[in-house]
Amino acid sequence: MAFPGQPAPGGGYYQGGYGAAPGGPAFPGQAQDPLYGYFTAVAGQPPCLVRSSSLNSTSKDEGQRPGPFMDGQIDADELQRCLTQSGIAGAYKPFNLETCRLMISMLDRDMSGTLGFNEFKELWAVVNGWKQHFVSFDSDGSGTVDRQELEKALTNMGFRLSPQAVSAITRRYSTHGKITFDDYIACCVKLRALTDCFRRRDTSQQGFVNFQYDDFIQCVMSI
């Protein structure tokens, strides 16, 4: 029987995992990937050079390579522009800058403060998955979920948390007991990143680790 913090049978703290590892070499056909157009439209470019028309036309962007003003990486500001103009949030309010910083910290293994294309591609898939969870629990279409719906969503994603932990998360991310889509994504990003941080140190997968104070601060403050 799993207890809060203990791996569930057949899986870890997040049963089923998160998908492919971030980064890695470019894959065949990368330039033809529709997401590559969104990525290259903002990677390393100042806001004044980003045109929404370029984000709405994948045919223009297919095969595009980083030019002289592009560094092949996106920071939090660029990620916010990319996600906003791509419309991934749908009818929900676009992501704020702090949420975008959290997204980058979740996959930024080299601590550069930026994401490459493969990391961006993984982020896109993860956020889309979380969005589908949110939509399925936002049954009334209000654009928010409450504590009970959050607990169901987290359990459905494989997290094993105590009622006290869920209540603490709800207090942190809700307004008058309601959690918006943006805050829900921020919650999922932070929960995943903290779980990854914990699991890397829990080599025996028993749900217990010993943290040095400085290591603990680095883990928490980098997210």
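Predicted model: local features only at pLDDT ≥ 70, side-chain atom pairs only at ≥ 80, totals over all residues.
1. Next, the chain as a whole. The protein chain has ten helices and two strands. Along the sequence their order is α-α-α-α-α-α-β-α-α-β-α-α. Of its 223 residues, 46% are buried. Among contacts with a separation of 6 or more, 71% join residues 24 or more positions apart. The exposed surface comes to about 11,600 Å², with 55% of it from carbon and sulfur atoms.

2. Now helix 7, residues 147-156. Its buried residues are R147, E149, L150, A153 and L154. They sit on the same side of helix 7 because they cover an arc of only 160° around the axis. The face turned away from that buried side carries K152 and N156, both exposed.

3. What covers the buried residues of helix 7? The cover includes three helices: helix 6 (117-137), helix 8 (163-173) and helix 9 (181-201). It also includes strand 1 (144-145) and strand 2 (179-180).

4. Look at both ends of helix 7. D146 caps the N-terminal end. One of its side-chain oxygens lies 3.2 Å from the backbone nitrogen of Q148. G158 follows the helix, and its phi is positive, near 105°.

How values were computed:
Residues numbered from 1 in each chain as written. Heavy atoms only, no water. Buried < 20%, exposed > 50% of the residue type's maximum accessible area, 1.4 Å probe, protein only. Helix = DSSP H or I, 4+ residues; strand = E, 2+ residues; numbered from the N terminus. Arc of directions from axis to C-beta. Contact = heavy atoms within 4.5 Å. Polar contact = N/O pair within 3.5 Å; in protein donor to acceptor, adjacent residues only side chain to side chain. Areas by Shrake-Rupley, 256 points an atom, 1.4 Å probe, with all protein chains shown as cover.
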